[in-house]
Amino acid sequence: MPTSPRKPDWTPDDAGDAFASRIVSGVAGGHDGLDTGQHAAATPGRGPARRPLSIDDYAAGVLAGDRAVLARAITLIESNAPAHFETAQEVLRRLLPHSGNALRVGITGVPGAGKSTLIEALGLALIAAGHRVAVLAIDPTSSLTRGSILGDKTRMEGLSRAAEAFIRPSPTGGVLGGVARKTRETMLVCEAAGFDVILVETVGTGQSEVTVRSMVDFFLLVLIPGGGDELQGIKKGVVELADAIAINKADGDNRIRAEAARAEYNRALHYLTPVTDGWHTRAYTCSAETGEGVANLWAVIERFRERTAESGAFAARRRAQAREWLHTLLDEQLRAAFYDRPAVRAALPAIEAGVMAGELPATAAARQLLALLDG
Ligand SMILES: Nc1nc2c(ncn2[C@@H]2O[C@H](COP(=O)(O)OP(=O)(O)OP(=O)(O)O)[C@@H](O)[C@H]2O)c(=O)[nH]1
Ligand SMILES: [Mg+2]
């Protein structure tokens with residue numbers, strides 16, 4: 001196995017020693033995206049020699065809350081190598097009965113709305129209240145990831161040092177579906193490791209909000225007070241997915257505008273069907289920077305949990321999400337299995353050309369290709 005250490009993809013070239021994390025190629029490598037001190041013992045620039053872990057080691061280590069093993073388990077799950085897949089799935093199968101106990105909160109909003117700053121403020125308050133917080137990110141636009149992670153390193157400084165918090169950057173590269181699978185499985189592993197609040201940050205790309213909504217209990221949309229049309233800059237339909245809207249940066253000169261935005265959103269929300277049965281989505285103001293209103297946001301989230309647990313909406317959503325997830329995976333794998341077939345690959349170009357030339361009806365063409373599955 002190659003053991004030469006390399007820095008994670010998202011490490012800026014000029015970061016020097018500011019980034020202590022590194023990746024050792026292969027399963028034995030790992031990083032948790034943090035300077036937790038656990039890596040401090042390792043010689044800078046040299047990966048620590050890592051013993052390969054067995055499935056038992058992974059499961060036991062995660063359940064014991066061992067951060068190093070947790071980080072390695074996530075790296076295993078994120079791996080695209082087919083050889084790691086079976087091990088990863090077996091580890092997950094062992095951990096699944098111990099997962100599900102966290103409150104899963106998705107946080108989205110336009111770039112720069114203050115999501116990371118809010119997560120830092122909220123996370124630190126939660127830790128002070130005795131919670132253990134895992135922060136995950138879904139950012140399918142990997143070229144942007146570098147910048148965001150760099151920002152997150154500084155914006156979540158307190159959290160990234162806290163023993164009760166765990167921050168995992170978005171798995172880089174790949175399509176949204178792949179990134180989402182990894183994040184969802186990472187969430188389960190974090191729950192098995194004892195984290196009781198999972199915060200999933202995503203940048204607003206439209207589709208990524210839908211994806212995050214499908215894996216969390218509570219979905220928070222972070223907005224900033226802006227002039228003119230308050231709904232500008234948010235992808236259509238995203239407001240409809242939210243369980244709460246936080247008008248952030250309600251500080252200094254922004255206060256009054258933030259209050260106005262809150263009132264405007266509350267009026268608009270009045271006409272929307274709430275995304276969660278028995279819950280009214282409302283807008284609130286807060287300042288991630290001063291901390292004002294952050295405790296109230298958490299109170300809203302807790303109230304949501306109580307209400308939906310009582311009504312059964314909480315458990316119903318979890319069940320529906322699990323089912324939807326299965327079908328998403330099935331769709332994905334069916335497609336992959338189909339397009340990977342040598343017969344399909346061989347036949348596709350000519351059939352495509354026939355359809356494009358108007359010589360072959362698309363329906364007949366599709367049927368002809370699907371018939372190759374039986375061959
Ligand atoms: N005045 C003020 N500035 C804030 C507040 N919250 C965040 N900021 C600033 O807004 C900028 C963006 O904050 P981030 O937390 O990185 O925003 P983000 O939404 O995570 O950004 P991306 O991850 O890049 O989409 C930073 O300069 C923050 O210091 C706030 O409550 N008040
Ligand atoms: Mg951010």
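A: Two residues are in contact if their C-beta atoms, placed from the backbone, lie within 7 Å. By that rule, of the contacts in this protein with a separation of 6 or more, 72% join residues 24 or more positions apart. The model is a predicted one.

The part to look at is A165, which is found in strand 5, residues 165–168. A residue is buried if 20 or more other C-beta atoms lie within 10 Å of its own. A165 has 26 C-beta neighbours inside 10 Å, so it counts as buried. Leaving aside residues up to four places away in sequence, A165 touches G123, I127, V133, V135 and L159. I127 shows how sequence and space can part ways: 38 residues separate I127 from A165 along the chain, while their C-alpha atoms are 7.6 Å apart.

V189 can be followed in the same way: its contacts, not counting residues up to four places away in sequence, are V62, L70, A73, I74, I77 and L95. Over the whole protein of 375 residues, 39% count as buried. The protein has 13 helices and 9 strands.

Next comes the ligand. Around ligand 1 there are 18 residues, of which G114, K115, S116, T117 and E289 come nearest. Helix 4 (115–128) and helix 5 (142–155) are the elements that give two or more residues to this shell. By type, the shell holds 4 nonpolar, 9 polar and 5 charged residues.

Last, the confidence of the prediction. The average pLDDT is 83, and 79% of the residues score at least 70. Residues 1–46 have a pLDDT below 50, although the model gives this stretch 71 contacts beyond near neighbours in sequence. Residues 143–147 also stay under 50, with 9 contacts beyond four places in sequence. Where pLDDT is low, the predicted coordinates should not be read in detail.

Methods
Residues numbered from 1 in each chain as written. Chains lettered and ligands numbered in written order. Predicted model: local features only at pLDDT ≥ 70, side-chain atom pairs only at ≥ 80, totals over all residues. Near = placed C-beta within 6 Å. Helix = DSSP H or I, 4+ residues; strand = E, 2+ residues; numbered from the N terminus. Nonpolar A, V, L, I, M, F, W, Y, C, P; charged D, E, K, R; others polar. pLDDT = per-residue confidence, 0-100. Buried ≥ 20, exposed ≤ 12 C-beta atoms within 10 Å, placed from the backbone.
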